[in-house]
Amino acid sequence: MAARQPVSLHERLQKADGYTRENVGASILQFLDDEGIPIEMVGKAKIFMQGSKDADGNMQAQALPSIELAPAWAAGPQWPVAEKAKPVKIPKVPSGRPVAPGGFNDIYIVPDMQVGYRRHKGGLVPFHDERCMDLHLQMIRHIRPQHVCMVGDNLDFADLSRFVREVAFVETMQPSIDRWHLFLSQVRAIVPDAEITWIEGNHEHRLPKQILENAAWSFGLKKANTPDDWPVLSVQSLCRLDELGVDYKEGYPSAEKWYSDHFLGIHGAKVRSGGSTAAAYVKDESISVVFGHIHRKELQYRTWRHARGRYETFAASPGTGARVDGGTPSVKAGVKGSGKLPNSVEDWQQGAAVVRMDADGFPSYSQIDIRDGRAWWGPHHWESTVDMFGNKMAKTA
Ligand SMILES: [Fe+2]
Ligand SMILES: [Fe+2]
């Protein structure tokens with residue numbers, strides 16, 4: 001059977017018996033029907049009539065038709081745009097553990113989580129390890145800290161990266177924002193009175209940077225007559241931080257959270273090889289510091305000469321909550337043309353930390369190790385109830 005020859009709209013109109021409203025309309029409808037284009041897809045149909053003289057000098061009318069396939073729905077675009085996370089209501093979950101005695105303050109450190117997704121076969125594949133999210137909640141419930149400190153790169157914002165952006169990153173910002181907001185809501189429900197701080201990392205900073213570089217007109221834009229609100233396209237607004245009572249420290253790379261005169265939380269921008277980033281910090285900082293960014297567990301101490309005799313500080317990185325199997329985009333992790341991830345091993349370690357500050361504000365650091373969905377902290381041990389992708393684990397007898 002011979003293949004059907006498409007007949008253009010222009011040809012149809014030329015064949016029509018005069019450019020009457022009925023003829024034009026019928027030709028357009030027939031064209032759409034023949035080409036299998038639903039009428040809802042048509043934004044505009046335009047016919048320009050052009051007059052020109054033929055060889056005998058007589059005026060001839062010629063139609064120049066065009067159809068714009070565009071969103072025809074009245075309520076605006078149907079593709080998702082980044083918007084505030086959906087509000088969630090989570091009942092408060094009281095902890096069974098008493099508040100730290102003797103004027104101590106516990107600060108639970110949530111390291112770089114890199115929350116984000118790839119789209120694959122209609123689903124979402126996380127960059128972050130859902131087991132770490134689950135373990136953080138279990139441990140915060142047990143430890144019941146007075147402070148929770150997210151040290152930055154908690155949202156990955158891969159679609160805003162200056163590095164190669166994969167096709168699979170498209171339309172993943174919204175689910176990433178929603179997922180991280182859900183986690184923050186759960187933390188708030190577990191420790192309703194805790195001070196929760198989120199220090200901006202280079203990944204969160206991608207948002208204001210992109211806006212300034214590519215759409216400066218929208219920087220700082222707020223809803224009408226809400227001068228005290230956060231800008232619409234800000235991390236604070238998108239993640240509903242005011243509603244959750246989360247203090248966002250912006251201004252990467254100098255964003256910081258001072259817990260006392262002796263202890264500071266930062267995201268940091270230093271990366272040294274061979275486990276020496278903490279050594280660089282402990283040399284440069286004259287107070288104790290917890291930092292993120294390197295996704296590795298490091299801890300270094302230093303004792304300084306001081307008027308009172310001696311002064312001890314540390315610099316520590318608690319690791320990451322990102323996937324360590326190459327599933328998180330990085331300068332070393334690639335992706336095949338098929339969308340599959342090649343096997344790769346990052347020199348990253350998963351973890352968390354607790355910093356206990358005494359009544360004078362002097363901090364002590366203790367590392368929490370996380371491996372393969374299990375966490376260890378001193379004599380304590382926790383197991384994730386979900387797998388890396390967030391699927392509930394079957395209970396073993
Ligand atoms: Fe970072
Ligand atoms: Fe990071």
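Guide: Helix 3 is mostly covered, with ten of its 14 residues buried. Buried means that 20 or more other C-beta atoms lie within 10 Å of the residue's own, exposed means 12 or fewer, and partly exposed is in between, with C-beta atoms placed from the backbone. Helices (H or I, at least four residues) and strands (E, at least two) are DSSP runs, numbered from the N terminus. This is a predicted model, in which local features need pLDDT of at least 70 and side-chain atom pairs count only at pLDDT 80 or more, while totals for chains, interfaces and linings use all residues. Residues are numbered from 1 along each chain as its sequence is written, and chains are lettered from A and ligands numbered from 1 in the order in which they are written.

Visitor: Which residues are buried in helix 3?

Guide: They are Glu130, Arg131, Cys132, Met133, Asp134, Leu135, His136, Met139, Ile140 and Ile143.

Visitor: What span should helix 3 have at 1.5 Å a residue?

Guide: Its 14 residues should span 20 Å, and the end C-alpha atoms are 20 Å apart, which agrees. The expected span is 1.5 Å times one less than the number of residues.

Visitor: And how does helix 3 pack with helix 4?

Guide: Helix 3 (residues 130–143) and helix 4 (residues 173–190) pack at an angle of about 15°, with their axes 9 Å apart. Axes are lines fitted to C-alpha atoms, for helices over the stretch in contact, and angles run from 0 to 180 degrees between N-to-C directions. The two helices are therefore roughly parallel to each other, a label for angles under 35 degrees.

Visitor: Which residues make the contact?

Guide: Helix 3 supplies Met133, Leu137, Ile140 and Arg141, and helix 4 supplies Phe183, Gln186, Val187 and Ile190. Residues are in contact if their C-beta atoms, placed from the backbone, lie within 7 Å.

Visitor: How long is helix 4?

Guide: Helix 4 has 18 residues and reaches 26 Å from its first C-alpha to its last, close to the 26 Å expected at 1.5 Å a residue. Its buried residues include Trp180, Phe183, Val187 and Ile190.

Visitor: New topic. Where is Phe157?

Guide: Phe157 is in the loop between strand 6 and helix 4. It has a positive phi of about 50° although it is not a glycine. Most residues other than glycine have a negative phi, and most peptide bonds are trans.

Visitor: Does Phe157 count as buried or exposed?

Guide: Phe157 counts as buried, because it has 26 C-beta neighbours inside 10 Å.

Visitor: What about Glu171?

Guide: Glu171 also has a positive phi, of about 60°, and sits in the loop between strand 6 and helix 4. With 15 C-beta neighbours inside 10 Å, Glu171 counts as partly exposed. Just after helix 3, Arg144 takes a positive phi of about 50°.

Visitor: Where is the cis peptide bond?

Guide: It joins Tyr252 and Pro253, with omega about 10°. Pro253 is found in the loop between strand 8 (246–249) and strand 9 (256–260).

Visitor: Last one: how many helices and strands are in the protein chain?

Guide: There are eight helices and 17 strands. Of the 397 residues, 32% count as buried.

Technical notes: Parallel < 35°, antiparallel > 145°, perpendicular 65-115°, else oblique. Contact = placed C-beta atoms within 7 Å.
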